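Walk me through this structure.

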Amino acid sequence: MNLPIIWPDLPRQRFECRSCTNCCRELVVHLTRADRAKIDKQKWGGRIEGEPYLRLGSSYVLRHRPGGGCVFLADDGKCRIHAEFGATEKPAACQLYPFTLEAAPGGVHVALRFDCPTVAANGERPIEARKDDSRRLSGELQAQSAIVAPDGDGFVTVAHGVKLPPTETDQFVAHVERWLRTESVPMPKRLYALGRLTSTLHHAKLKQLDADSAKELVVMLAAGIRELAEDSWDARHEAPSRREMRVLRQTVFSHCEHVTFEQIVSPLWTSLRFRLNQLNRARAMSAGVGAMPMLPGVIGTPAFDAIERVVPDASLSEKEVDGLLLRYLLARFEGRSVFGPGYYGFSIVEGVAALQLSIACIGWLARSLAAARTTFNQNDVERAIGLIDRATNRVPELGAKSARLRLTYLLDRDGLGRLVSRYVPAAT
Ligand code: SF4
């Protein structure tokens, strides 16, 4: 039986493809068995450079040409499969992008990627225009067993091994979303309250409660999220510690340092040289002294000190920057890509903490993109959100034990609140 799609409730989000070819040049496209069968039938032998796809561990990916870009990307920026055979003959992931699908017990959640510049900048067409395509592709992928309903009861861990049933998880998310949509409150304060909620859940002795009391407490705390900000909002200006700053820079590095197609297929010696270079840059990023090391997507290597001096530009409008962050946060919650199977199997507390940390990373990256100008603008925030979201759910390091330990370190000391307060991109 086909699971229905669960369309995200994002009334303000817009998208239309502007053929920038970012996705064709930057992303590694994984193929289903049916994708490969279609490509084989199209008989590309001799008409493209090399083979159309290659095996990578247990999966197959579209090949890129030497120098970058999908093997089917023509010089005029068009997809050759699309041009010769039609849109529905492209691989499913290409047809779906910038949407992705996440199967849950009650249906398939449709999520949106902000590494597409038109999603971040908000295009002109309502995303509903893509609903029928998403439904069709969800059906096709389920029929091929490329998307399967998850096993189990759908319970999600909140923290410390305590689990929440699906109904209460939905209630928790609904309360959080309602708070995030409270536009009468500035976004930094909305995020601050979210931080207080995760911190309270992290420190609560949930394990000492019976299952019913634990789930009631979790939902009750989410329902009262507004009050959680009030008691300490005025004390939020404490600066992050050196170690908290180190965690922030390490997380920025993990997000930006994705592996490209060229690196995946490079010979062993080249790959080792890249790893060594990566290790040195990771160390420099962690130390935070002198000039920032080269980061993919960031032009130049500004001094860490200079990044800290960057301030919001006078042109940055509260409505626009808050609106961008709100669209991003809601897309993550609505697409169920914050915790559980949609985010490295993280608990609710870990996942929401990781999301908050990514907002601090976006603010820090926006500053580093603007270091030469000394003020950051809306475009810098959009670019930073694209760089951060590109890694989300794709880079294994972000789901590794070390990433979880870093989050626990911040949660233990309430360091997330300090980082978010310092770096959330906001108008003055
Ligand atoms: S990144 Fe977005 S706008 Fe650019 S080609 Fe891909 S889908 Fe279109």
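The tour below goes from the ligand to the sheet, then to charged pairs and rings.

This is a predicted model: local features need pLDDT of at least 70, side-chain atom pairs count only at pLDDT 80 or more, and totals for chains, interfaces and linings use all residues. Residues are numbered from 1 along each chain as its sequence is written, and side-chain values use heavy atoms, with hydrogens and water left out.

Start at the ligand. Its shell takes in residues near it (a residue is near a molecule or strand if one of its heavy atoms lies within 4 Å of it). Cys-17, Arg-18, Ser-19, Cys-20, Thr-21, Asn-22 and Cys-23 are among the residues that surround the ligand. Tyr-97, Cys-116, Pro-117 and Thr-118 also belong to these surroundings. By type, the shell holds six nonpolar residues, four polar and one charged. Here Ala, Val, Leu, Ile, Met, Phe, Trp, Tyr, Cys and Pro count as nonpolar, Asp, Glu, Lys and Arg as charged, and the others, Gly among them, as polar. Two helices matter for this list: helix 1 (22-26) and helix 5 (117-121) each give at least two residues to the shell. Helices (H or I, at least four residues) and strands (E, at least two) are DSSP runs, numbered from the N terminus.

Three strands make an open sheet in the order 2-4-3, with antiparallel pairing. Strand 2 and strand 3 stand at the edges, each with a single partner strand, so one side of each is left without a neighbour in the sheet. Two strands pair if DSSP finds at least two bridges between them. Strand 2 (residues 30-31) meets strand 4 (residues 59-62) over two bridges, in the antiparallel sense. Leu-31 stands opposite Tyr-60, and His-30 has Val-61 as its bridge partner. Strand 3 and strand 4 form a hairpin with two residues between them. Gly-57 sits in that turn and has a positive phi of about 60 degrees. In a regular strand the side chains alternate between the two faces of the sheet.

Tyr-60 has another contact. The charged end of Arg-36 sits over the ring of Tyr-60, 3.7 Å from its centre. A charge sits over a ring if NZ of Lys or CZ of Arg is within 6 Å of the ring centre and within 35 degrees of the ring normal. Arg-249 does likewise over the ring of Phe-304, at 5.7 Å from its centre.

Now the salt bridges. How many salt bridges are there? The count comes to 21, where a salt bridge is a side-chain nitrogen of Lys or Arg within 4 Å of a carboxyl oxygen of Asp or Glu. One of them joins Arg-181 and Asp-9 (3.7 Å, N to O). Arg-181 lies in the loop between helix 7 (166-180) and helix 8 (187-203), and Asp-9 in the loop between strand 1 (5-6) and helix 1, so the pair ties together parts that are 172 residues apart in sequence. Arg-181 is partly exposed at 27% relative accessible area, and Asp-9 is partly exposed at 43%. Buried means under 20% relative accessible area, exposed over 50%, and partly exposed in between (1.4 Å probe, protein chains only). Asp-9, Glu-177 and Arg-181 are linked in a network of salt bridges.

Arg-336 and Asp-170 make another salt bridge (2.6 Å, N to O). Arg-336 lies in the loop between helix 15 (318-334) and helix 16 (348-369) and Asp-170 in helix 7, so the pair ties together parts that are 166 residues apart in sequence. Arg-336 is buried at 16%; Asp-170 is partly exposed at 41%.

A local example joins Arg-135 and Asp-132 (3.2 Å, N to O). They are three residues apart in helix 6 (residues 131-143), separated by about one helical turn.

Last, the rings. The whole structure has ten aromatic pairs. Phe-114 and Tyr-328 form one that is edge-to-face, 5.2 Å centre to centre with 75 degrees between the planes. Rings of Phe, Tyr and Trp (its six-membered ring) pair if their centres lie within 6.5 Å; planes under 30 degrees apart count as stacked, over 60 as edge-to-face and the rest as tilted. Phe-114 is in the loop between strand 6 (107-112) and helix 5, and Tyr-328 is in helix 15, 214 residues apart. Both Phe-114 and Tyr-328 are buried. Elsewhere, ring pairs link Trp-7, Phe-15 and Phe-99 into a cluster.
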